[in-house]
Amino acid sequence: MARARTSVGTRRWLFGDQLGPHFLGSAQAPGDDGTQPVLLVVSRAAFRRRRYHRAKAQLVLSAIHHRAAELGDRAQLIVADTYRDAVASVDEPLSVVDPTSWAARRLVRGLGADVLPSRGFVSSEAEFGEWVAQRGRRRLLQEDFYRWARTRTGVLMDGDEPEGGRWNFDADNRLPPPKGATTLGLPHPWQPTEDDIDARVRDDMRRWETEDGIEFGGRAGPRLFAATRAEALAALDDFVAHRLAEFGPYEDAALTGDWAMAHSLLSAPLNLGLLHPMEVIDRVVAAFRDGPAPLASAEGFVRQVMGWRDYVWHLYWHFGEDYVKDSNALDAHTPLPPWFDRLDADAVEARCLSSSLADVRDRAWNHHILRLMVLGNWALQRGYDPQATTEWFTRNYVDAYPWVMAANVVGMALYADGGRMATKPYAAGGAYINRMTDCCKGCAYRPGDRVGARACPFTAGYWWFLDRQAPLLKGNHRLAQPLASLTRLADRAALVEQEDARGDTAP
Ligand SMILES: Cc1cc2nc3c(=O)[nH]c(=O)nc-3n(C[C@H](O)[C@H](O)[C@H](O)COP(=O)(O)OP(=O)(O)OC[C@H]3O[C@@H](n4cnc5c(N)ncnc54)[C@H](O)[C@@H]3O)c2cc1C
Ligand code: SF4
């Protein structure tokens, strides 16, 4: 049915990651004026293409259906096979905020929608372009981007100087977990109460599985992440009140008995577009200014959102559409073994890997250090195919979208771009995992053993990786010391034989 035009003009097509009020309104006046009609689409083909984790599918579908319910008769929600089918059935002009993937950008342009500049990040694409131009031939370092963004926005600045006189509080942050602790002892993180919409989404998913051949992975559990703006604000309040103060010090630590540690769990609502990163940053800065958050924690958090999140977003566009497809600098072609692919944590004895996989299986989430230094490190050491690994992360994480995969998985975790993003591969042995987690206690392996029945597969895997990649990595001065140590390893040949023999069996 045709609708009258509103002050903001056209019906706004909202993608499933554009669900907050800041995706409505004009380019000059973003926000919800309470009248703009909206189109929301659920494409079944998107779920047929990939075996998504059921927690991820549940979250995304719940968020879209909740948004439609909130908007009432302003929203037209179409469940169709494809986006094209859905849009073809709408007889009004559509406008859309530039979406978050190369494929979606092509689609909206092909369908003739009026495309507005992207939203949902601290720096615009034009501003990032200015920064790149200023850099000339210098590397696009995250730290420099972050300082530029802080200076530009004035966040945690004291005139031209960083608040507290330092840009970086790493010396206060990044502590190992407290000795002997099994948890950080913080209150359980905020969790939503599921409602009728969640129940209907679960019914739909069951029907798709039985009638439509759509397959989901992972285990079903209660929804853990915010799917509405009200829930997202409640999750933000909870983080600021109960966990922000400890965020900095324990940012890089992991305890097997504490899946959330002091992390915010806000990546999912941020990436669904339910929160604007700047409002999250403002809350965190206010918690520092008015107490109780120490500067090191507030800065550590702002660095993650204004620095890292924006940086990986802009690199997705800067590196170009073929970046994931064309990146395989380490010539990694091992297919993901079925136990890894299917999140079979019980098949794995290595405690760090087993508990990280179990987190993904049960919650479709784990925190940064487990993604990078356990799961990503494992995929790097074992030479898993970068595209298959990217797919694995995309399917299995509640907060995963193509834009966030490129720099994090291909660039940072796998070094598949040969150093365009990271200055060296994030390969590490069991000593790092032993220092930053409690996993090694009670593990079948010993982090200090390189060969033999109890040789730690991460420690052995680290040297095995260097042995394999030495010719390619020998020009990297940050690896000069480990590569020199490799040549002095007395058990190098035995270690290589041992790891070659491991093949794709679960460690
Ligand atoms: C291999 C790998 C895969 C990752 N996949 C994703 C992903 O699919 N989606 C995702 O949002 N993040 C991803 N990250 C980044 C980071 O691990 C998650 O953002 C974080 O663990 C989410 O939990 P949190 O909200 O509690 O984060 P916190 O630790 O509380 O951090 C605060 C916020 O900072 C942002 N952030 C921090 N680091 C990054 C980063 N490197 N890239 C993007 N945002 C960042 C997130 O929005 C996060 O919510 C990945 C990192 C690696 C190494
Ligand atoms: S000993 Fe090795 S495999 Fe076991 S938990 Fe420690 S790092 Fe992981």
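Helix α16 (residues 368–381) packs against helix α17 (residues 386–396) at an angle of about 145°, and their axes are 10 Å apart. Axes here are lines fitted to C-alpha atoms, for helices over the stretch in contact, and angles run from 0 to 180 degrees between N-to-C directions. Helices (H or I, at least four residues) and strands (E, at least two) are DSSP runs, numbered from the N terminus. On the α16 side the contact (heavy atoms within 4.5 Å) is made by R371, L375, G376 and A379, and on the α17 side by T389, W392 and F393. These contact residues divide into 4 nonpolar, 2 polar and 1 charged. Ala, Val, Leu, Ile, Met, Phe, Trp, Tyr, Cys and Pro count as nonpolar, Asp, Glu, Lys and Arg as charged, and the others, Gly among them, as polar.

This is a predicted model, in which local features need pLDDT of at least 70 and side-chain atom pairs count only at pLDDT 80 or more, while totals for chains, interfaces and linings use all residues. Residues are numbered from 1 along each chain as its sequence is written, chains are lettered from A and ligands numbered from 1 in the order in which they are written, and side-chain values use heavy atoms, without hydrogens and water.

The domain assignment, automatic or from a database, divides the chain as follows.

| Domain | Residues |
|---|---|
| domain 1 | 11–116 |
| domain 2 | 125–192 + 227–319 |
| domain 3 | 323–502 |

The C-alpha centres of domain 2 and domain 3 are 25 Å apart. In this pair, 28 residues of domain 2 are in contact with 31 residues of domain 3. About 2,600 Å² is buried between them, with 65% of that area from carbon and sulfur atoms; buried area is the accessible area (1.4 Å probe) that two parts lose on being put together, summed over both. T256, W259 and F319 of domain 2 lose the most area to domain 3, together 27% of what that side buries.

Two backbone details remain. G291 and P292 are joined by a cis peptide bond, with omega about 5°, and P292 lies in the loop between α11 (277–289) and α12 (295–319).

L156 has a positive phi, near 50°, and is placed in the loop between α6 (142–153) and β6 (157–158).
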